[in-house]
Amino acid sequence: MRKVTIRGLLARKLRLALTALAIVLGVMFVTGTLVLGDTLNRTFDALVGTAYGKISFEIRGTAAFSKASAYSGTDRNPIPAALATAVSRLPGVAYVHGDVSGYAQFVDRQGSAIGSGTGNTLGLSFDPNRQLSSYRLVEGRAPTAPDNVVMDKATATKHHFAIGDRVRVLLPGGARTFTISGIVTFGGDDNLLGITLAGFDQRTAQALFGLRRHYDTIEVLAAPRADSVRLRLAIEKLLPRGVEVVSGRTVINEATSAISNALSFISTTLLIFALISLFIGGFTIFNTFTITIGQRTRELALLRVVGANRRQVFGSVLGEAALTGLLASLIGLGLGVVAALGLKALLKAFGVLLPSAPLVFEARTPAVALAMGVGVTVLSAVLPARRAVRIAPVAALADHTQDGPQSLRRRRVSAGSAVAIAGLGALLAGLTEASILVVGIGALALFVAGGMLVPLVARPLSSALGRPLAALLGAPGRLGRRNSTRNPMRTAQTGAALMIGLALVSMIAVLGNSLATSAKHNVDSAVAADYLVTGSDAFSSSVPAIISRLPGAVATTTVYKGQFEFRGSLSTIAAASVAGLPKTVNLHLTAGRGAPTMAAGQLLVDQNTANTNHLHVGSVVAVKFAQTGEATMRIGGIYAYNPLVGSFITGTGFFLSHFNNPLPNAVLVSTASGTRGFETTLNRALAAYPNLNIQSRAQFEQAQQNSINQLLGLIYVLLALAVLIALIGIVNTLLLSVFERTREIGLLRAVGMRRRQVREMIRSESVIVAVFGAVIGIVVGTGLGAAAASSLRHSSVTTVAIPVPSLIAFLILAAVLGLIAATWPARRAANLDVLRAIATE
Amino acid sequence: MIKRLSPLASHPRYWLSGSPRGLGGGARQVGPVTYGERRRSSCAARAVEVTKIYGSGETAVRAVDGVSIEFERARFTAVMGPSGSGKSTLMHCMAGLDAPTSGHTFIGDEELGLLNDTRLTDLRRDRIGFVFQSFNLVPTLTAAENITLPADLVGSTVDRDWLNYLVSNLGIADRLSHRPSELSGGQQQRVACARALVRRPELIFADEPTGNLDSNASTGVLTFLRQAVRDHGHAVVMVTHDPKAAAYAERVVFLADGRIVGELLAPTSDAVLEQMKRLGA
């Protein structure tokens with residue numbers, strides 16, 4: 001008897017640990033996300049502090065757009081350089097520096113551009129005065145001549161540049177060669193978050209970035225003990241219209257909030273996946289408690305017999321849950337810090353140079369993590385606890401029944417069906433209205449309904465799924481199949497966790513595949529050009545001329561893009577030269593005319609924009625440009641959505657008159673039919689611009705798909721944890737079932753079942769449960785994915801493409817994972833003591 | 001029959017001879033026997049100096065203490081004794097469900113201690129039938145599936161005529177498609193009997209087969225077991241503490257404190273009761 005007690009205790013400890021593991025992983029994910037988010041925030045705040053900390057005032061152009069990102073600065077006009085001289089003469093001003101910045105990218109010794117991706121390269125006017133600048137000269141001297149440049153230490157070290165070396169730099173006006181006069185650091189770091197820096201003397205920078213006698217901003221350092229209020233008033237008196245002065249504090253706050261907005265997007269996304277993991281963990285807990293309450297019926301009934309009241313029984317179950325949740329959350333909290341460290345290391349491995357700041361552990365982190373961990377555990381245990389309360393004291397005397405009550409069936413069917421119908425209705429309504437929100441609500445309702453109705457199909461479906469296994473493995477497979485159907489509720493609940501995981505995975509797969517296929521299709525129908533030249537950041541305005549002179553190029557179109565306000569909301573406007581347009585871009589006009597109206601400076605909008613704004617050809621709309629202010633434009637035509645162009649397009653003439661020195665966004669080239677070797681010609685002609693991306697149409701299509709697939713991969717990785725937790729749920733249920741069926745397994749062993757056959761039996765059951773969850777999940781997920789994809793059909797999705805090979809792969813993967821999940825329970829079952837089955841109680 | 005509690009002083013390796021198969025049909029195989037041919041012929045199971053100790057040190061319990069015994073073919077033997085006498089432990093060791101601490105156990109000529117788990121399992125499946133006191137049947141399988149389970153486990157078929165004979169003889173022919181939960185206790189034990197006999201094993205071990213049954217149901221099961229011995233030549237070993245059940249056997253072996261303390265041939269229930277009383281006194 002003591003042996004039985006100890007074994008029972010051990011089994012419960014094990015169960016506790018496994019239940020806890022699901023919560024540990026969920027809490028770990030939550031904690032890691034929070035810690036990483038806080039750490040990045042703190043790190044960036046520190047950087048902003050380093051960059052702007054010494055500034056007393058900043059003078060800058062006023063923001064043209066109401067909702068534009070304050071940090072981007074693209075909507076601010078340059079200010080006259082003379083203002084700096086005037087400000088520097090004011091009493092109380094210690095130092096003034098005019099800042100100029102723009103695109104400048106180094107070229108390494110092999111001829112490749114250093115640093116890729118938007119915002120990874122920076123050129124600016126180097127301020128040798130240390131009173132304001134955060135850049136420190138560590139070697140050489142500041143740039144003084146027009147061919148001098150200072151380079152950040154990280155780039156110099158990585159690409160082996162030294163003082164006196166010649167280096168080519170890509171600039172808005174083309175490539176130029178400079179002599180390195182000095183090496184700089186940013187504060188104590190070798191550069192600013194991996195951004196390469198090219199520093200020029202002020203006059204050179206102005207020339208290079210097209211800002212003659214102008215600055216982007218003027219930074220002012222007040223003298224010690226100067227009256228800042230009076231100084232600010234004095235500065236304001238000097239300012240012309242469209243120029244403002246703000247305190248250094250404001251600059252820091254704007255930058256900080258812009259960064260934390262950007263970071264919070266990452267944190268929120270990660271947090272969503274963390275919550276999915278916790279949700280699935282909740283399923284595991286619910287399942288475990290339901291099963292163990294069933295197994296402890298006699299014990300609980302005995303408690304009732306000796307006088308425990310219902311509330312005490314309820315409390316004891318919830319107390320156990322709370323304790324488990326607390327313990328698991330504490331462990332998850334500790335592991336979460338490690339997870340954050342790992343994520344940080346991962347970011348570093350991907351080239352993001354984070355300044356060496358310690359991890360930030362805010363007081364909110366443990367509070368949120370513990371509340372979530374304990375909350376999910378206790379909530380999941382509420383229903384099982386209510387079941388425990390309903391156990392009659394007389395159950396202590398009766399032979400304990402293993403199978404749970406099968407009641408509530410009718411209520412479950414009607415409630416589940418009602419929710420399903422509501423969800424389906426919302427889904428259909430959302431599809432006809434093409435509203436992603438309504439589709440989302442419908443999807444959620446279907447999820448819930450699925451969870452309620454799944455137990456109904458558990459028996460027939462797992463029986464059907466088990467048939468091939470039974471045929472393949474004989475008696476053990478047949479027994480595994482029977483075991484998977486003996487308690488449909490348990491099978492359903494165990495499979496449901498995996499179902500949700502796989503539904504999400506399949507939904508993403510269907511949506512992603514539809515997006516990728518549509519992207520290819522869209523590019524196909526939007527682009528007529530044979531080659532596309534794009535820059536990772538921006539590229540020299542001399543490029544289009546080079547391309548158009550190439551032999552074989554029949555038509556070249558230069559595309560510009562810029563921000564403007566369309567009816568008060570910030571949007572992107574494209575512009576294209578009209579001449580070659582029909583041969584490079586397919587604008588499918590549904591109303592009005594294309595090229596002639598564009599040449600006349602009219603605006604073309606896509607069908608979707610026209611519909612939502614009730615626009616037709618000839619309508620006049622209010623627009624606003626950063627440089628030129630408010631204006632009106634006439635709608636010249638309406639076209640079907642074009643992913644290359646976007647929603648708004650006009651002629652280059654109009655565009656160039658409203659933007660200062662814009663850089664081309666892309667050059668599209670069409671070649672004469674039968675032209676051979678044009679790609680080589682193109683590459684050779686543009687060899688001086690290694691930052692350019694030269695792609696054939698097929699390559700461009702592929703690149704579009706690749707970027708979608710990359711995103712898919714990331715989402716799969718994030719969902720993997722949820723699937724892992726679902727698997728832990730399967731392990732847990734199987735272990736409990738094995739424990740529950742000790743006598744039965746012993747009997748089977750006694751009458752001649754080999755250990756291998758016992759393992760096969762458990763594995764069969766596991767595979768059936770896993771495939772059961774996977775099948776439902778894949779079906780539900782495919783439906784949801786197709787629904788979501790078709791709700792996007794007015795914007796980017798033109799084709800709903802179901803990735804059948806991927807879905808089959810998921811199914812096979814689920815079966816394999818089921819097999820893996822069974823390893824431990826199968827071993828335990830196979831190693832059970834035969835005698836325990838026949839030893840009398 | 002003569003008592004065969006032989007001295008058995010020789011080394012047990014002498015009995016390791018011949019193939020375990022082909023013993024049921026009366027085929028006689030002569031291996032490289034040095035001790036004596038009679039050893040391999042008429043006994044279905046044998047224990048030699050079997051000792052089973054639970055625990056260790058001060059708390060060690062000798063459940064079985066140096067028992068040597070043979071169970072003959074075509075004989076119904078009952079093992080009796082008060083609870084804690086070691087009768088169940090002895091049976092578990094002899095049926096290959098438990099390993100003795102010392103000594104040797106044989107089914108036919110096969111020494112169980114020399115078999116690995118898989119071969120021991122196969123031996124139980126192919127050569128021994130089991131009827132336990134309770135929890136005899138797999139709850140997910142129907143009565144018919146429970147009966148054919150040993151055959152299904154090896155992937156073979158059963159003799160349909162024999163199966164039909166068994167189930168009609170046991171009166172469970174109309175219950176075959178039912179799950180164990182839908183059967184009465186007596187029916188469940190009769191299904192277990194059918195399973196024990198369906199592959200015609202050499203030996204049937206019955207551990208308190210009537211322990212949970214009323215007298216009517218008990219009579220049915222016991223009559224059937226006796227019939228299996230008389231009509232079909234099976235060896236049945238039944239552990240029981242019920243003198244009335246023991247009276248169905250042809251031979252009763254008495255155990256107390258892990259040792260054999262007596263034996264009765266052609267017992268009556270009164271004689272058994274008398275012997276038990278003496279043991280208890």
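What is the mean pLDDT of chain B, and what percentage of its residues reach 70 or more?

**View 1. Chain B and the predictor's confidence in it.** This is a predicted model, and chain B comes out with a mean pLDDT of 80. As for the residues that reach 70 or more, they make up 84% of the chain. Take a careful look at residues 1-41 of chain B, though: pLDDT stays under 50 there. For that stretch, the model has 42 contacts beyond four places in sequence. The complex gets its own scores from the predictor, an ipTM of 0.79 and a pTM of 0.77.

**View 2. Where chain B meets chain A.** Here 23 residues of chain B are in contact with 22 residues of chain A. On the chain B side, the elements giving two or more residues are helix 3 (117-127) and helix 4 (143-154). Helix 3 of chain B gives the most, with 6 residues. Sort that side of chain B by class and you get 10 nonpolar, 6 polar and 7 charged residues.

**View 3. The domains of chain A.** Chain A splits into domain 1 (101-210), domain 2 (421-430 + 471-526 + 702-841) and domain 3 (538-690). Notice that domain 2 is written as three separate stretches of chain A. Going by C-alpha atoms, the centres of domain 1 and domain 2 of chain A are 54 Å apart.

**View 4. Helix 13 of chain A.** Is helix 13 of chain A mostly covered or mostly uncovered? Mostly covered: 35 of its 39 residues are buried.

Methods. Residues are numbered from 1 along each chain as its sequence is written. Chains are lettered from A and ligands numbered from 1 in the order in which they are written. This is a predicted model: local features need pLDDT of at least 70, side-chain atom pairs count only at pLDDT 80 or more; totals for chains, interfaces and linings use all residues. Domain bounds come from an automatic or database domain assignment. pLDDT is the predictor's confidence in each residue, from 0 to 100. Two residues are in contact if their C-beta atoms, placed from the backbone, lie within 7 Å. Helices (H or I, at least four residues) and strands (E, at least two) are DSSP runs, numbered from the N terminus. Ala, Val, Leu, Ile, Met, Phe, Trp, Tyr, Cys and Pro count as nonpolar, Asp, Glu, Lys and Arg as charged, and the others, Gly among them, as polar. A residue is buried if 20 or more other C-beta atoms lie within 10 Å of its own, exposed if 12 or fewer, and partly exposed in between; C-beta atoms are placed from the backbone.
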